[in-house]
Each structure stands twice: as structure tokens, then as C-alpha cells.
Amino acid sequence: MDFSSKNVSFDKDSYQQEWIEIQDNLKQKVVLEDDFTWTISPQGSCLDQVGNVESLQYIGGVDVSFVKEDPSLACGALVVLNAYTLNVVHEEFEVVRLKVPYVPGFLAFREAPIILGILDKMKQKAHPFYPQLLMVDGNGILHPKGFGLACHLGVLSNIPAIGIGKNLHHVDGLTRSGVMQFLQGGESMAKDVIPLVGKSGQTWGAAVLSTPDSLKPIYISPGHRISIDSSIRVVKLCCKFRVPEPIRQADIRSRIFLQKFKGSENLIIWDEAPGE
């Protein structure tokens with residue numbers, strides 16, 4: 001059933017109940033500590049300084065763009081960057097006619113299948129630029145359910161994943177005004193990283209001023225198989241502008257691809273992402 005049609009009803013309540021159960025099951029599998037064999041090194045070498053340990057080389061940036069005139073038509077992008085140069089070494093796109101509408105809190109059920117399909121295709125081909133880490137335009141644990149798009153993608157792909165939000169989810173007493181007040185306070189002027197500690201005492205992530213001239217923070221939270229500290233470290237290494245380069249490139253290139261797509265009659269639109 002195609003829910004993109006205005007004439008077709010969408011039983012949100014029944015779908016939400018199913019989605020909540022799926023989220024709850026997947027949430028039990030989230031790992032919020034460093035669970036990878038590579039090291040994070042800004043040295044520009046494939047080998048860490050201590051021993052012959054492989055360092056992080058390929059970071060995947062994830063984004064999904066939509067056609068303004070037809071919000072059911074989406075372009076999923078996975079752009080892989082060299083971790084040292086921040087140059088794009090590979091890009092993959094898929095254009096999909098989505099059947100599931102956007103429901104707040106359940107973004108992953110609309111967008112994740114597109115990206116998982118791209119990753120699966122690369123994995124089956126043993127692609128040399130298969131990402132070691134995903135950087136997602138969406139949230140990790142900084143989410144009303146504690147399980148955002150970055151968690152969803154990380155668990156189902158089994159790849160370490162970091163969520164990057166441009167806006168703050170107001171969970172556990174966290175507010176944007178509170179974060180901005182802290183950033184603008186006297187003692188915090190020299191700080192560019194503000195831990196996001198909720199009323200419960202849990203740390204959900206961090207608000208980060210990603211460049212020296214940033215006025216607005218980005219909101220970083222781990223998605224899977226990486227700690228908050230390592231998430232912050234990787235993201236800060238990837239920022240030329242406010243938004244980390246892997247996500248920025250995925251956004252730019254997905255929009256360009258959609259523009260070209262709209263002018264072509266030769267590209268095929270999936271009726272839905274694989275596995276849906």
C-alpha cells in the first residue's frame with residue numbers, strides 16, 4: 001500500500017505499536033563504548049604511531065534528501081571520505097518512492113532501509129571503500145526513545161555509528177535555551193564541548209561548537225559501537241564548517257543527484273527500499 005497518496009489512510013497507531021516493539025528490541029543491542037579495532041589518528045598515516053595498528057581510514061556520511069514537490073520521492077546518499085584528507089573517495093545514491101510517511105520519533109523506519117540497501121550492496125561486492133564508521137544526519141541515543149536513526153543504522157549494519165543533530169531533542173530535561181545559556185556563560189566561553197547531562201544524570205551526548213567561528217552548536221550522540229568521547233573526537237577532526245564534512249558532502253551531493261534525476265528519463269525509481 002502506497003501511503004504517499006493523499007487518498008490512502010495510514011493507521012499510525014497500529015504501525016507505531018509495531019515500531020515501538022522493534023525499537024525496544026534493537027535498543028537492547030546498542031553498544032555505547034568503543035568496539036572497533038582501528039584507532040583514531042589525525043596523523044595522516046594508515047598506521048598508528050604505536051605499533052602496526054590500522055587507523056580509521058574511511059568514514060561514511062549518510063543523508064536522505066527529498067523532492068520538494070513530491071516528499072514521497074527520496075534520494076539516499078552514502079558518501080565515503082578519506083579520514084585524513086576529507087576528500088570524497090566514493091559515493092552511492094538510490095532514489096526511492098517511499099511508502100511510509102514521516103512520523104516524529106520514528107524517522108528510521110522511513111529512511112534507514114534506503115541506506116541499509118546501499119551498504120548491503122557495497123558489502124556484497126566487498127567494496128574497497130566500505131565505511132569503517134557511519135556519520136548520520138540524525139540522532140543516536142539523543143532521542144525521545146533513546147534510539148535514533150544512527151542507532152538503528154549502526155545496530156542493523158553492525159558498523160560504529162555517530163548521530164549528528166542540528167537541533168536539540170528536548171529529552172530528560174535538556175533544552176536548547178539551557179545549552180545556549182551555558183555556552184554564553186563566562187566560564188564556558190573557552191569551551192567548545194558541553195556535555196548533555198539530563199535531569200536523570202545520564203549523559204546523552206554533547207553540544208559542540210565545531211569550528212572557531214561557530215555560533216550554533218551541533219549535537220553529537222553515539223549511535224552504536226562507539227563512546228561519546230570518541231564520537232566527539234572523530235567529529236571534530238571532520239569539521240571544516242559547522243556540519244561535519246561526511247554529512248555535508250552527503251547532503252550536497254544527494255541534492256545535486258536529485259536535480260539531475262529530475263531531468264533524466266533513464267533512471268529507475270525503486271517502488272520501495274529493499275527489505276521493506
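I looked up Trp-19 and found it buried, because its relative accessible area is 5% and buried means under 20%, exposed over 50% and partly exposed in between (1.4 Å probe, protein chains only). I note that this is a predicted model, in which local features need pLDDT of at least 70, side-chain atom pairs count only at pLDDT 80 or more, and totals for chains, interfaces and linings use all residues. Residues are numbered from 1 along each chain as its sequence is written, and side-chain values use heavy atoms, with hydrogens and water left out.

**Rings**

I looked up Tyr-15 next; its relative accessibility is 28%, so it counts as partly exposed. Tyr-15 and Trp-19 are four residues apart in helix 1 (residues 12-27), which means about one helical turn separates them. I took helices (H or I, at least four residues) and strands (E, at least two) as DSSP runs, numbered from the N terminus. An α-helix has 3.6 residues a turn, so residues three or four places apart point the same way.

I then searched the whole structure for aromatic pairs and found seven. The ring centres of Tyr-15 and Trp-19 are 5.6 Å apart and their planes stand at 70 degrees, so this pair is edge-to-face. Rings of Phe, Tyr and Trp (its six-membered ring) pair if their centres lie within 6.5 Å; planes under 30 degrees apart count as stacked, over 60 as edge-to-face and the rest as tilted. Ring pairs join Tyr-15 and Trp-19 with Phe-106 and Phe-109 in a cluster.

In what order do the strands of the open sheet run? I read 3-2-1-4-5-8-7-6 for its eight strands, with mixed pairing. Strand 3 (88-97) and strand 6 (193-197) are the edge strands, each pairing on one side only. Two strands pair if DSSP finds at least two bridges between them. Strand 2 (residues 70-82) pairs with strand 3 in the antiparallel sense over nine bridges. Val-79 stands opposite Glu-91 in strand 3.

I checked what helix 2 (residues 108-124) lies across, and noted strand 1 (58-67), strand 2, strand 3 and strand 4 (133-137). Helix 2 runs at about 40 degrees to strand 2; axes are lines fitted to C-alpha atoms, for helices over the stretch in contact (heavy atoms within 4.5 Å), and angles run from 0 to 180 degrees between N-to-C directions.

Helix 3 (residues 149-157) has eight of its nine residues buried, so the rest of the structure largely encloses it. Among the buried residues are Cys-151, His-152 and Ser-157. Asn-158 follows helix 3 and has a positive phi, near 60 degrees.
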